[in-house]
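Keep the structure open while you read.

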Amino acid sequence: MQIRIGVFLCDCGKSLSNIDFPKVSERAEKLQDVVHVGLHSNLCLKEGIEEMLSTIRDGAIDRVVIAACSPKLKEDAFRNALEEAGLNSNFLSLANIREQCSWAHEGDVTEKALELTAMAVERARFLKPLVKKDVPVNKEVLVVGGGFAGMKVALDLANLGLRTTLVERGLALGGRLEGFETNPAVPINSMRKAIEENRDIEVLTSAELTRGEGEVGDFSIRIKKGDEELSRSFGAIIFATGYRPEISPGDFQLRPGVNLISQEKLTEILKAPERLELRPKTIGFVLDVSDENCRLPTLSALNDALAVKERLGSEVYVFCKSLKVDSEGVEEVYREARDRGVVFVKFEERPRICSEDGRVKVELNDILLGDEITVFCDFLVAEERIMPSEGTEALSSILKMRIDSRGFCQDENVHLYPVSCERKGIFCVGACRGDLDIARASTDVAAAVLSTYELLASGTAIVEAERVKVDPEKCRVCLTCIRVCPHGAIRLVRVDTEREVAQISDLACEGCGICAAICPAKAIDFEGYGDEQILAEVQAIGESL
Amino acid sequence: METSSLVIGGGVAGVAAALALADNGSQVYLIETEPSIGGWAASFCCKATDVCTKCSVCVVPQKLQQVAIHPHISILTDSMVAGLSGGIGNFKVEVLQKPQYIPPERCIACGMCAEVCPTEPKAIRSPSPEAVPYSYVLDESRCLRLKGETCDLCRDICPTNAIDFNHEPEKKELGVGAIIVATGFEVFDAREMGCLGYGRYPNVLTGLDLERIFNREGYLKLPSNGKDPKKVAFVQCIGSRDESHGYCSQVCCKYAIRFARLIKYQNPNAEVTIFYIDLQTAGKGFAQFYEECQKNIRFVRGLPVEVLGTSSGELEVRFENISEGTVKRETFDVVALSVGISPKKDSWDLARTLGINLGECGFFDAKEPLNSNETNVEGIFLAGTCQGPRDIPDSIAHGMAAAQSAMEVLERCK
Amino acid sequence: MIRGNNKIVAFCCENSAYLAADKAGRMRLHYPDNVRIIRVPCVGRVDLIHILKAFEKGAAGVLLIGCHEGACQHLTGNTRAKERAAYARNLLKEVGIDEARLRMANIAPDMAQQFVREIEDMTEKTKER
Amino acid sequence: MIIAERKPLEEIRGMIAGYKKILVAGCGTCVTICWAGGEKEVGILSSQLRLASSGEGTELSIVEACIERQCEKEMVEELRDKVQDVEAIVSMACGIGVQTIADVFEEKPVFPALNTTFMGMPEAEGVWTEKCRSCGDCMLYWTGGICPVVRCAKGLLNGPCGGTRKGGSCEIDPEKDCAWVLIYRRLEKQGRLDLMRKYYEPKNYRAVKRPGKIEALKA
């Protein structure tokens, strides 16, 4: 069938004076398949669009080329207009003759405007319709990790009416919260109770993920619980696997034991100080020795220092390099601690720590005093190094998602922040994605809950069907696209009983076209940015018109 | 019961909140006092060297564009909240919009009005390149017509007949189920610390100045003579962690280090020094970056007390190097003051209108520490830096979290 | 027959370089008008054949402009493009085309000045042809 | 799968020198999968050839094609129409495909654009390694599924040479694992270490007639 292209030129209120529009118009008429060229002044306004619509209808135009301002401004409005005219919204090709032509150059740019228009026309000749369709999504959500963040996710999702399965590797829910004695803001017990009572939350403890397939809306997951292996389907997955504290004695030149104690041990002491034989006279906290770029140890040291002051009345020293105060309210806690007599000693070179007469001897150069000092502590609370939870790597390889340079969930890419990962429908919240304090983790949870709700709440998602698609006839099943897709959106499916071929999930595809560029069989077409469309533009460059 | 929602403030947190709500089907009114949305972050610059340094500025334009074209979001620029009645699920908000002499939906940004405007500087100015909506703005104080003279040049030439001097301030009443406050912050005014010479010496800049210079010019040149900077100093904690600002602004160490690195990248011969109290180097991906920076950026513990101009036009910085225990003078050709995040001075007005509390530091007060979105008024939530300092990703997260709280309210209203 | 021309084909990622180009226009930063921008969703979309065909068409230079490393929304698009550009340079060398006529650049959405500089640079480099 | 790589352009141009109309024919099976001779590579080679000849001012017109398998005479037949119009054929298939085309279109010169290198598998995206040398006398059962003929640099059949480096890499190429270390670990995992003690006689490569020919039992 003959293609009928309508070209709509907009001179932006006759302001683009370095383009000779009549000339462009005259020559555009000669381009292949062009049946109409119209000159407008305000295509972006309602009346302009109305004008265009009636021309499209009257002229039986089936491909629209608009040479006007940047597509970043009005592309969507134009696409809607096409639909209104009864055309497929993909039958639109734009030439940016304002921002990237008239405004960008000095002198007459008629030739360039013409060439840009010709490029758009050439491209328009290869456009194919795109159909929107509804795809069903599974409304169940998998939450991995039963600590504070995971529990909160499950509760918040249940509040919004989404059913969740909460998988926890340990014996019970709670995670590291058990140690949060000093943070009364976390209502651990009531959360646990609420989860138990909620019929929309299924809790699987002592359970782990073993396999994961599929994409957003339709993940198939195997979960091992005891000797059983359960198969479940979910629409989305939220990771809340937390972190693993690690004390490496090498950092302190001491064996962890009586004197060098962990945060956990300190919490135990603070819970029941009466069990101590002797009240410790001096307690020290050492920071920035294992990892000087981490917030969490500072936060717990500050809270614990205050608790020690209150419950044990000991002298408290905090040895650190740079105190990490860049979390909400921490500067205030720091000030309060100083007011209450906690001594902060800052160093440039790491302190020398050793045991002497059953106490811990900390020798360091106090930079404020500019002098060597020695402090004897009854207990030295070791700094915890914040590490990714055990099995993070395995878990992320099960779900084909990338980890960051330190092994935490979620690649270091600003477009993924706060809670997304490169695979749609998988979210990472809280400390599993880095050194996040509990306030930030709460925020993460809410953000992920809302994003999940948006994806799944209606039970269907609208997609542009087969915008990027594999031609099953041409697919050589080399798996290249599956290996390179950054969004894990491609899998093998059986098209007939004989052969498996690659297929792209319309819902999971983010439309980058990396697969289309790399496919060695040229089996992948990307409507709008297909080879023939891009090459059509290239072909129009330099053509004398 | 209302299922639409109101977001006050079109900065990055407000925009994130509006998008999240609108994507979930709520009709969102996004109101902004300025003529365009985007807030501070829209005017910031990418700080990538040859690689991305994760400043997150590049995520802003995309979000703004999404908001601009979202069918569920109505943007009201030049607007402010003037009154509130009703309660959760059923707020009646009175919004006051300044006269829209050039309504954004009619302006095609052709620029002919500015060409004919006879005043100098022009009363009609072009929008900043990243402005959303991208439409021309009329400065009431300069416009001859609005001053009572007879000038119709711009109105006559406007090809879309967009300009109308008869516009009056407009009062609108919006019915919404939930409200998100995302009014953002003010940048600390470095003039308040007179001894550091800001405003007195052209080569004393603030972090905000650097953002603008790099955004517009792409490269840092000495403001005084246009030459490449050779010795650059950054001074941290300007307007943070002091007597009147009992908090860490959370963003300054990172932007300073990123700028330092960028300056070194563009100009490898420059010597860059950062003066600090405590370096805030935590955060996803930042540690590795900081470690690389340590190789060619000098970090000095101790804040300068005075910056003085020398006769040769350089800047003499007097500081105590705490680690060495010495007081020194050193000359630099640029001193950049890492100004922090301050609460908005007019927060008090909005707090009174909405009935929400202000905290000790002047930011809006959250009800509980673990839900920093909730206020003392049910159905009104906080997002972003109006509640406390945050960087861009944290503000986006906080905006989304506020939207989640609002969504819960709206769901209950259904 | 392949005709030579002075055109520079710039494949621009619509999330970064394309925006930078728009911004350059808005700021009225004038640059040489021989550049033809082709919008792509990610610079990783650009295939070798697109580059080669541009040269077949007689382009003086080809630019692939994407986001900075580590800032690609599709994570690997820009690094792939970089590798592809390096590979394409070998292909060009094989056919006797100066490799300098193909370049990969990283431009953020706000870097209008740097965008202009890239175009000017490439125009300058390919002038003596 | 057969792995191949493209010859340098210079060599291909040398072969086709003097011809003005050629067909560049790709193969849609092994060499597509190993990124050497599929539709995409046909496009790239053709484009390069056009660029090179136009740079020199010589005339060259190219017909591009890619068929399912060049090692099947029936499939190669599909090219007949295109072949009629050209003076020579550049085949982007393995050596088998090149020969099939040569057999089918005897009257036209056929040039190989690829070097057929080995039989192997993808190790990672874009990386292929040799896994089988088609010795005709498979011993993989005894060696835990790891072929020492290919994967040992010296092709040793009875345990490592003694030059294995610390950590188990090969003395000839420290980047590669010693095949026999791999075999040992694999057998250890399977509890079949006794197989390490088995003695293999020197391989009788004559067991397979060269050139090889197999006549399957006709059912």
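Axes here are lines fitted to C-alpha atoms, for helices over the stretch in contact, and angles run from 0 to 180 degrees between N-to-C directions. The model is predicted: local features need pLDDT of at least 70, side-chain atom pairs count only at pLDDT 80 or more, and totals for chains, interfaces and linings use all residues. Residues are numbered from 1 along each chain as its sequence is written, while chains are lettered from A and ligands numbered from 1 in the order in which they are written.

**The sheet in chain A**

- Helices (H or I, at least four residues) and strands (E, at least two) are DSSP runs, numbered from the N terminus.
- Two strands pair if DSSP finds at least two bridges between them.
- Five strands of chain A form an open sheet with parallel pairing, in the order β8-β7-β6-β12-β23.
- β8 (201-204) and β23 (426-428) of chain A are the edge strands; each has a single partner, so one side of each lacks a neighbour in the sheet.
- From one strand to the next, the twist averages 20 degrees.
- β6 (residues 141-144) and β12 (residues 236-239) of chain A run parallel and are joined by four bridges.
- A:Val144 has A:Phe239 in β12(A) as its bridge partner.

**Helices across the sheet**

- Residues are in contact if their C-beta atoms, placed from the backbone, lie within 7 Å.
- Helix α6 (residues 148-159) of chain A lies across β6, β7 (164-167), β8 and β12 of chain A, at about 170 degrees to β7(A).
- α12(A) lies across β6, β12 and β23 of chain A, at about 175 degrees to β12(A).

**Chain A with chain B**

- Among the five pairs of chains that touch, chains A and B have the most contacts.
- The contact involves 55 residues of chain A and 56 residues of chain B.
- On chain A, α3 (71-84), α10 (330-339) and α12 (438-456) each supply at least two residues.
- α12(A) gives the most to this side, with 12 residues.
- Nonpolar means Ala, Val, Leu, Ile, Met, Phe, Trp, Tyr, Cys and Pro; charged means Asp, Glu, Lys and Arg; the others, Gly among them, are polar.
- The side of chain A that touches chain B has 23 nonpolar, 14 polar and 18 charged residues.

- Chain A brings 35 residues to its contact with chain C, and chain C brings 38 residues.
- α15(A) supplies the largest share of the chain A side, six residues.
- That side divides into 14 nonpolar, nine polar and 12 charged residues.
- Chains B and D do not touch; their nearest C-alpha atoms are 24 Å apart.

Note on methods:
Contact = placed C-beta atoms within 7 Å.
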